[in-house]
Amino acid sequence: MDPVSTIGTALASITTAADIAKLLIDGSLSLKNAEWKLRLADMAEALASTRQQILDIRDLVTERDKTISQLQEALSLKGKLILKDSAYWLPDEKGNAVGGPFCSRCFEIDHVACTLVADEKEPQVKCPNCKSTFCSKPVYYHLRPDAEEAHKKYNVMLSHLGTQRRHPMSF
Ligand SMILES: [Zn+2]
């Protein structure tokens with residue numbers, strides 16, 4: 001819905017209501033009671049229609065304000081974010097990726113910085129906004145450092161087991 005055309009429709013409804021009011025004022029003596037009621041019903045309908053059109057315009061303006069705010073935020077981030085491991089990151093002063101990770105699809109297409117989340121399937125990550133998924137160990141372990149720590153402990157345990165098996169006394 002275009003707000004300019006909705007405003008035009010609202011103005012037409014107001015004009016209709018005003019014309020009916022003018023007609024009632026000018027010709028009130030010649031109109032019969034039933035005609036009065038009919039004209040008043042037309043006027044009430046035109047005013048109700050105007051009210052709805054103004055509510056639609058308010059929704060459209062609110063939606064545009066939200067879009068403008070998102071675009072301003074994306075514009076301010078555009079020069080700052082870095083692309084690494086299939087995601088956008090906000091770097092610290094040394095250039096290390098610390099903020100985010102943000103969905104590259106949402107940022108490039110919708111201009112929204114949407115933070116990725118770890119999926120149930122390791123090392124898959126997903127975007128809660130566009131629902132896209134991809135596999136990335138660096139992104140996944142950034143989001144789930146506990147999972148990376150568990151992997152390290154598991155690998156250390158495996159390496160100890162391997163050492164013991166190779167030892168002749170362990171058989
Ligand atoms: Zn996304």
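Two strands pair if DSSP finds at least two bridges between them. Helices (H or I, at least four residues) and strands (E, at least two) are DSSP runs, numbered from the N terminus. The model is predicted: local features need pLDDT of at least 70, side-chain atom pairs count only at pLDDT 80 or more, and totals for chains, interfaces and linings use all residues. Residues are numbered from 1 along each chain as its sequence is written.

**Exercise 1.** Describe how strand E2 is joined to E1 and to E3.

*Solution.*
- Step 1. E2 covers residues 87–91 and is joined to E1 by three bridges, the two strands running antiparallel. Within E2, Trp89 is the bridge partner of Ile82.
- Step 2. E1 and E2 form a hairpin with two residues between them, and Asp85 in the turn has a positive phi of about 55 degrees.
- Step 3. E2 and E3 also run antiparallel, joined by four bridges. Cys103 in E3 is the bridge partner of Ala87.
- Step 4. The hairpin of E2 and E3 has five residues between the strands, and Gly95 there takes a positive phi near 90 degrees.

**Exercise 2.** State the strand order of the sheet and explain why E1 and E3 stand at its edges.

*Solution.*
- Step 1. The sheet is open, with three strands in the order E1-E2-E3 and antiparallel pairing.
- Step 2. Strand E1 (82–84) and strand E3 (97–103) each have a single partner strand, so one side of each is left without a neighbour in the sheet.

**Exercise 3.** Characterise the packing of helices H1 and H2.

*Solution.*
- Step 1. Two packed helices are described by the angle between their axes and the distance between the axes. Axes are lines fitted to C-alpha atoms, for helices over the stretch in contact, and angles run from 0 to 180 degrees between N-to-C directions.
- Step 2. H1 (residues 3–26) and H2 (residues 33–78) pack at an angle of about 160 degrees, with their axes 8 Å apart.
- Step 3. That angle makes H1 roughly antiparallel to H2 (the term applies to angles over 145 degrees).

**Exercise 4.** Determine whether the chain is more spread out or less spread out than a compact globule.

*Solution.*
- Step 1. The chain has five helices and six strands.
- Step 2. The radius of gyration is taken over C-alpha atoms, and the globule rule is 2.2 Å times the number of residues to the power 0.38.
- Step 3. The radius of gyration is 32 Å, well over the 16 Å that the rule gives for 171 residues, so the chain is more spread out than a compact globule.
- Step 4. Along the principal axes, the C-alpha atoms fill a box of roughly 120 × 35 × 20 Å.

Technical notes. Angles under 35 degrees count as roughly parallel, over 145 as roughly antiparallel, 65 to 115 as roughly perpendicular and the rest as oblique.
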